[in-house]
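The sequence and the model are shown first, and the description follows.

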Amino acid sequence: MKNKLTAESPMHDRRYPWRIYPFLLRLAGIIAGALLAAAGLELFLMPHGIVVGGVTGLSALFALTTEMRLGLFLFLLNLPLLVLARKNIDASFAIFTVCGLLVFSIGTILLHPYPALMGDPLLAALIGGLSLGLGLGLALRFGGALDTAEKAAERFRSLKRKSLSPEGMLMMLNCFILLAAGFHFGFEQAVYSVTAYILAYESVKIPLFGLKLNVLVQIESRECAEIQTALARYLNRRAAYVGEASSNGIPQMLEYKCHRWEMPRLKAIVKNCDPDSEISIRS
(Lines give C-alpha, C1' and ligand atoms only; values in the text may rest on other atoms or scores of the structure.)
Protein backbone atom coordinates (compact mmCIF):
# COMPACT_ATOMS: atom_id res chain seq x y z
CA MET A 1 0.00 0.00 0.00
CA LYS A 2 1.47 3.33 -1.07
CA ASN A 3 1.92 6.06 1.49
CA LYS A 4 0.02 9.23 0.63
CA LEU A 5 0.58 12.70 1.96
CA THR A 6 -2.35 13.82 4.06
CA ALA A 7 -3.45 17.29 5.00
CA GLU A 8 -1.80 16.81 8.40
CA SER A 9 1.55 15.85 6.88
CA PRO A 10 4.36 18.42 7.52
CA MET A 11 5.30 18.30 3.85
CA HIS A 12 1.77 19.40 2.96
CA ASP A 13 1.81 22.32 5.36
CA ARG A 14 2.38 25.59 3.53
CA ARG A 15 4.27 26.91 6.53
CA TYR A 16 6.79 24.06 6.43
CA PRO A 17 9.30 25.79 4.08
CA TRP A 18 9.56 28.71 6.48
CA ARG A 19 10.90 26.49 9.24
CA ILE A 20 14.22 26.12 7.48
CA TYR A 21 14.80 29.87 7.06
CA PRO A 22 15.93 30.54 10.67
CA PHE A 23 18.37 27.63 10.37
CA LEU A 24 19.77 28.97 7.10
CA LEU A 25 20.00 32.48 8.53
CA ARG A 26 21.98 31.29 11.53
CA LEU A 27 24.20 29.16 9.33
CA ALA A 28 24.86 32.08 6.97
CA GLY A 29 25.76 34.33 9.90
CA ILE A 30 28.20 31.80 11.32
CA ILE A 31 29.79 31.18 7.90
CA ALA A 32 30.21 34.94 7.41
CA GLY A 33 31.82 35.22 10.83
CA ALA A 34 34.15 32.29 10.13
CA LEU A 35 35.28 33.77 6.80
CA LEU A 36 35.83 37.20 8.36
CA ALA A 37 37.89 35.67 11.16
CA ALA A 38 39.88 33.56 8.67
CA ALA A 39 40.67 36.67 6.62
CA GLY A 40 41.84 38.52 9.72
CA LEU A 41 44.19 35.69 10.61
CA GLU A 42 45.69 34.73 7.26
CA LEU A 43 45.70 38.10 5.47
CA PHE A 44 46.83 40.30 8.37
CA LEU A 45 48.04 38.58 11.55
CA MET A 46 49.79 35.36 10.53
CA PRO A 47 52.11 36.85 7.85
CA HIS A 48 53.56 39.17 10.53
CA GLY A 49 53.84 36.50 13.24
CA ILE A 50 51.10 38.11 15.36
CA VAL A 51 49.12 35.83 17.68
CA VAL A 52 46.12 36.45 19.93
CA GLY A 53 44.57 34.55 22.83
CA GLY A 54 42.36 31.50 23.24
CA VAL A 55 42.53 28.35 21.16
CA THR A 56 42.88 30.55 18.08
CA GLY A 57 46.09 32.07 19.43
CA LEU A 58 47.39 28.69 20.54
CA SER A 59 46.73 27.29 17.06
CA ALA A 60 48.51 30.26 15.46
CA LEU A 61 51.50 29.76 17.77
CA PHE A 62 51.77 26.08 16.83
CA ALA A 63 51.36 26.87 13.13
CA LEU A 64 54.09 29.53 13.22
CA THR A 65 56.55 27.24 14.99
CA THR A 66 55.86 24.17 12.84
CA GLU A 67 55.29 23.48 9.17
CA MET A 68 51.65 22.47 9.65
CA ARG A 69 48.76 24.62 8.46
CA LEU A 70 46.81 26.84 10.84
CA GLY A 71 43.45 25.36 9.77
CA LEU A 72 44.47 21.90 10.94
CA PHE A 73 45.32 23.15 14.43
CA LEU A 74 42.13 25.22 14.62
CA PHE A 75 39.98 22.15 14.07
CA LEU A 76 42.04 19.58 16.00
CA LEU A 77 42.40 21.74 19.12
CA ASN A 78 38.83 23.06 19.24
CA LEU A 79 37.06 19.76 18.62
CA PRO A 80 38.26 17.93 21.80
CA LEU A 81 37.38 20.97 23.91
CA LEU A 82 33.91 21.01 22.36
CA VAL A 83 33.49 17.34 23.30
CA LEU A 84 34.71 18.11 26.82
CA ALA A 85 32.10 20.86 27.21
CA ARG A 86 29.25 18.83 25.68
CA LYS A 87 27.26 18.77 28.94
CA ASN A 88 27.26 22.56 29.13
CA ILE A 89 25.94 23.17 25.61
CA ASP A 90 22.88 22.15 23.62
CA ALA A 91 22.80 20.19 20.38
CA SER A 92 22.11 23.18 18.10
CA PHE A 93 25.07 25.10 19.51
CA ALA A 94 27.33 22.08 18.95
CA ILE A 95 26.14 21.62 15.35
CA PHE A 96 26.62 25.28 14.43
CA THR A 97 30.00 25.34 16.18
CA VAL A 98 31.25 22.34 14.20
CA CYS A 99 30.03 23.96 10.96
CA GLY A 100 31.72 27.22 11.89
CA LEU A 101 34.99 25.48 12.77
CA LEU A 102 34.97 23.63 9.45
CA VAL A 103 34.50 26.87 7.49
CA PHE A 104 37.03 28.65 9.71
CA SER A 105 39.66 25.94 9.19
CA ILE A 106 39.07 25.56 5.45
CA GLY A 107 39.02 29.34 5.02
CA THR A 108 42.46 29.73 6.59
CA ILE A 109 43.83 26.92 4.41
CA LEU A 110 42.46 28.51 1.22
CA LEU A 111 43.74 31.99 2.16
CA HIS A 112 47.18 30.79 3.28
CA PRO A 113 48.91 31.14 -0.16
CA TYR A 114 47.90 34.81 -0.48
CA PRO A 115 50.34 37.51 0.71
CA ALA A 116 49.64 39.94 3.53
CA LEU A 117 47.42 42.87 2.62
CA MET A 118 49.34 45.23 4.94
CA GLY A 119 53.10 45.70 5.08
CA ASP A 120 53.03 47.67 8.34
CA PRO A 121 52.78 45.20 11.27
CA LEU A 122 51.05 47.71 13.56
CA LEU A 123 48.35 48.44 10.99
CA ALA A 124 48.04 44.71 10.33
CA ALA A 125 47.60 44.08 14.07
CA LEU A 126 44.84 46.69 14.26
CA ILE A 127 42.89 45.57 11.19
CA GLY A 128 43.53 41.87 11.76
CA GLY A 129 42.46 42.05 15.42
CA LEU A 130 39.31 43.95 14.45
CA SER A 131 38.44 41.47 11.67
CA LEU A 132 39.10 38.46 13.90
CA GLY A 133 37.08 39.86 16.79
CA LEU A 134 34.11 40.78 14.60
CA GLY A 135 34.16 37.30 13.06
CA LEU A 136 34.22 35.57 16.46
CA GLY A 137 31.46 37.83 17.76
CA LEU A 138 29.32 37.29 14.66
CA ALA A 139 29.50 33.53 15.14
CA LEU A 140 28.46 33.90 18.78
CA ARG A 141 25.63 36.24 17.76
CA PHE A 142 24.12 33.53 15.56
CA GLY A 143 24.42 30.71 18.07
CA GLY A 144 27.82 29.12 17.41
CA ALA A 145 31.46 29.57 18.37
CA LEU A 146 34.81 29.63 16.61
CA ASP A 147 36.86 29.36 19.82
CA THR A 148 35.83 26.82 22.48
CA ALA A 149 38.28 27.86 25.21
CA GLU A 150 35.61 29.62 27.27
CA LYS A 151 33.16 26.69 27.18
CA ALA A 152 35.94 24.27 28.12
CA ALA A 153 36.96 26.50 31.04
CA GLU A 154 33.36 26.58 32.30
CA ARG A 155 33.18 22.79 32.07
CA PHE A 156 36.48 22.34 33.93
CA ARG A 157 35.25 24.72 36.61
CA SER A 158 32.07 22.66 37.08
CA LEU A 159 34.17 19.49 37.52
CA LYS A 160 36.47 21.05 40.14
CA ARG A 161 34.66 23.52 42.34
CA LYS A 162 37.87 24.74 44.01
CA SER A 163 39.61 25.55 40.75
CA LEU A 164 40.07 28.99 39.25
CA SER A 165 37.13 30.81 37.71
CA PRO A 166 36.68 30.45 33.91
CA GLU A 167 37.90 34.03 33.52
CA GLY A 168 41.02 33.21 35.55
CA MET A 169 41.74 30.10 33.47
CA LEU A 170 41.39 32.04 30.22
CA MET A 171 43.59 34.82 31.54
CA MET A 172 46.33 32.33 32.44
CA LEU A 173 46.05 30.67 29.01
CA ASN A 174 46.21 33.99 27.18
CA CYS A 175 49.18 35.19 29.25
CA PHE A 176 51.01 31.95 28.48
CA ILE A 177 50.33 32.29 24.75
CA LEU A 178 51.41 35.94 24.59
CA LEU A 179 54.53 35.32 26.69
CA ALA A 180 55.49 32.32 24.57
CA ALA A 181 55.01 34.40 21.41
CA GLY A 182 57.14 37.18 22.91
CA PHE A 183 60.00 34.85 23.82
CA HIS A 184 59.91 33.16 20.41
CA PHE A 185 59.39 36.17 18.10
CA GLY A 186 60.80 39.03 20.18
CA PHE A 187 59.54 41.97 22.21
CA GLU A 188 58.33 44.03 19.25
CA GLN A 189 56.15 41.18 17.99
CA ALA A 190 54.80 40.71 21.51
CA VAL A 191 53.61 44.33 21.52
CA TYR A 192 51.81 43.80 18.22
CA SER A 193 50.27 40.57 19.56
CA VAL A 194 48.98 42.29 22.70
CA THR A 195 47.54 45.10 20.55
CA ALA A 196 45.75 42.62 18.28
CA TYR A 197 44.50 40.62 21.28
CA ILE A 198 43.00 43.66 23.03
CA LEU A 199 41.32 44.87 19.85
CA ALA A 200 39.96 41.38 19.07
CA TYR A 201 38.69 41.01 22.64
CA GLU A 202 36.80 44.29 22.46
CA SER A 203 35.56 43.73 18.90
CA VAL A 204 33.82 40.48 19.86
CA LYS A 205 31.31 42.54 21.85
CA ILE A 206 30.21 44.68 18.90
CA PRO A 207 28.08 42.02 17.11
CA LEU A 208 26.74 40.84 20.46
CA PHE A 209 25.79 44.13 22.13
CA GLY A 210 26.14 46.78 19.44
CA LEU A 211 28.02 50.02 20.00
CA LYS A 212 26.39 50.89 23.33
CA LEU A 213 29.00 51.92 25.88
CA ASN A 214 26.83 51.48 28.97
CA VAL A 215 25.39 48.10 29.94
CA LEU A 216 23.00 46.89 32.60
CA VAL A 217 24.49 44.08 34.67
CA GLN A 218 22.65 41.73 37.01
CA ILE A 219 24.60 39.96 39.75
CA GLU A 220 23.13 36.94 41.50
CA SER A 221 24.95 36.03 44.69
CA ARG A 222 24.61 35.05 48.33
CA GLU A 223 26.98 37.88 49.26
CA CYS A 224 25.09 40.81 47.78
CA ALA A 225 25.74 43.10 50.72
CA GLU A 226 29.51 42.54 50.52
CA ILE A 227 29.48 42.98 46.74
CA GLN A 228 27.47 46.20 47.01
CA THR A 229 29.98 47.60 49.51
CA ALA A 230 32.96 46.57 47.35
CA LEU A 231 31.48 48.14 44.21
CA ALA A 232 30.82 51.39 46.05
CA ARG A 233 34.38 51.38 47.43
CA TYR A 234 36.36 50.49 44.32
CA LEU A 235 34.16 51.77 41.47
CA ASN A 236 32.32 54.55 43.30
CA ARG A 237 29.02 53.24 41.97
CA ARG A 238 25.98 52.01 43.87
CA ALA A 239 24.28 48.75 42.90
CA ALA A 240 20.55 48.42 43.61
CA TYR A 241 18.76 45.35 44.96
CA VAL A 242 16.22 43.69 42.65
CA GLY A 243 14.06 40.60 42.87
CA GLU A 244 12.55 38.83 45.84
CA ALA A 245 14.21 38.47 49.20
CA SER A 246 15.68 35.15 50.32
CA SER A 247 14.72 33.21 53.44
CA ASN A 248 16.77 35.54 55.64
CA GLY A 249 15.08 38.61 54.17
CA ILE A 250 18.05 39.78 52.08
CA PRO A 251 17.67 40.03 48.28
CA GLN A 252 20.10 37.88 46.33
CA MET A 253 20.31 39.89 43.13
CA LEU A 254 21.93 43.25 42.36
CA GLU A 255 21.48 45.47 39.34
CA TYR A 256 24.31 47.70 38.26
CA LYS A 257 24.81 50.05 35.31
CA CYS A 258 28.39 50.42 34.19
CA HIS A 259 30.64 51.28 31.25
CA ARG A 260 31.84 48.40 29.09
CA TRP A 261 35.45 49.17 29.98
CA GLU A 262 34.58 48.65 33.65
CA MET A 263 33.35 45.09 33.05
CA PRO A 264 36.68 43.26 33.66
CA ARG A 265 37.22 45.13 36.91
CA LEU A 266 33.60 44.59 37.96
CA LYS A 267 33.88 40.84 37.34
CA ALA A 268 37.10 40.68 39.34
CA ILE A 269 35.51 42.51 42.29
CA VAL A 270 32.39 40.35 42.25
CA LYS A 271 34.29 37.05 41.91
CA ASN A 272 36.62 38.08 44.73
CA CYS A 273 33.61 38.54 47.02
CA ASP A 274 31.79 35.42 45.84
CA PRO A 275 33.45 32.99 43.36
CA ASP A 276 30.10 31.24 42.81
CA SER A 277 28.21 34.40 41.80
CA GLU A 278 26.47 34.67 38.41
CA ILE A 279 26.94 37.78 36.26
CA SER A 280 24.66 38.49 33.29
CA ILE A 281 24.43 41.45 30.92
CA ARG A 282 20.86 42.58 30.26
CA SER A 283 21.37 45.49 27.89
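Predicted model: local features only at pLDDT ≥ 70, side-chain atom pairs only at ≥ 80, totals over all residues.

## Lysine 205

Leaving aside residues up to four places away in sequence, lysine 205 touches Gly210 and Arg260. Lysine 205 belongs to helix 9, which covers residues 205-209. Because its relative accessibility is 15%, under the 20% limit, lysine 205 counts as buried.

## Overall composition

The protein has 283 residues, of which 41% count as buried. Its secondary structure comprises 11 helices and 4 strands. The protein exposes about 16200 Å², and carbon and sulfur atoms supply 64% of that area.

Among contacts between residues at least 6 apart in sequence, 73% join residues at least 24 apart.

In soluble globular proteins, nonpolar side chains tend to be buried together. Here the largest nonpolar core has 29 residues, and those with the most contacts inside it are Leu41, Leu45, Leu70, Phe104, Leu132 and Leu146. Two or more residues are given to this core by each of helix 1, helix 2 (54-65), helix 3 (70-84), helix 5 (121-141), helix 7 (166-185) and helix 8 (187-203). Helix 1 provides the largest share, 5 residues. Another core, of 17 residues, lies apart from this one and includes Ile227, Leu231, Tyr256 and Leu266.

Leucine 41 illustrates the contacts of a core residue. Not counting residues up to four places away in sequence, leucine 41 touches Met46, Pro47, Thr56, Leu70, Leu74, Phe104, Thr108 and Leu132.

## Aromatic pairs

A search of the whole structure finds 3 aromatic pairs. One of them joins phenylalanine 23 and phenylalanine 96 in a tilted arrangement, 5.3 Å centre to centre with 40° between the planes. Phenylalanine 23 lies in helix 1 and phenylalanine 96 in helix 4 (residues 91-111), so this pair ties together parts 73 residues apart in sequence. Phenylalanine 23 is partly exposed at 39% relative accessible area, whereas phenylalanine 96 is buried at 4%.

Phenylalanine 62 and phenylalanine 73 form a further tilted pair, with ring centres 5.6 Å apart and planes at 50°. Phenylalanine 62 is in helix 2 and phenylalanine 73 in helix 3, 11 residues apart. Phenylalanine 62 is partly exposed, with a relative accessible area of 32%; phenylalanine 73 is buried, with 12%.

## A nonpolar surface patch

Phenylalanine 23 also takes part in a nonpolar surface patch of about 380 Å², together with Ile20, Tyr21 and Leu24. Isoleucine 20 lies in helix 1, which spans residues 20-45. With a relative accessibility of 44%, isoleucine 20 counts as partly exposed.

Definitions and conventions: Residues numbered from 1 in each chain as written. Heavy atoms only, no water. Patch = residues over 30% accessible without salt bridge, like charges linked within 9 Å, V, L, I, M, F, W, Y side chains within 5 Å. Areas by Shrake-Rupley, 256 points an atom, 1.4 Å probe, with all protein chains shown as cover. Salt bridge = Lys/Arg side-chain N within 4 Å of Asp/Glu carboxyl O. Buried < 20%, exposed > 50% of the residue type's maximum accessible area, 1.4 Å probe, protein only. Core = buried A, V, L, I, M, F, W, Y, C linked by side-chain atoms within 4.5 Å. Contact = heavy atoms within 4.5 Å. Phe/Tyr/Trp six-rings, centres within 6.5 Å; stacked < 30°, edge-to-face > 60°.
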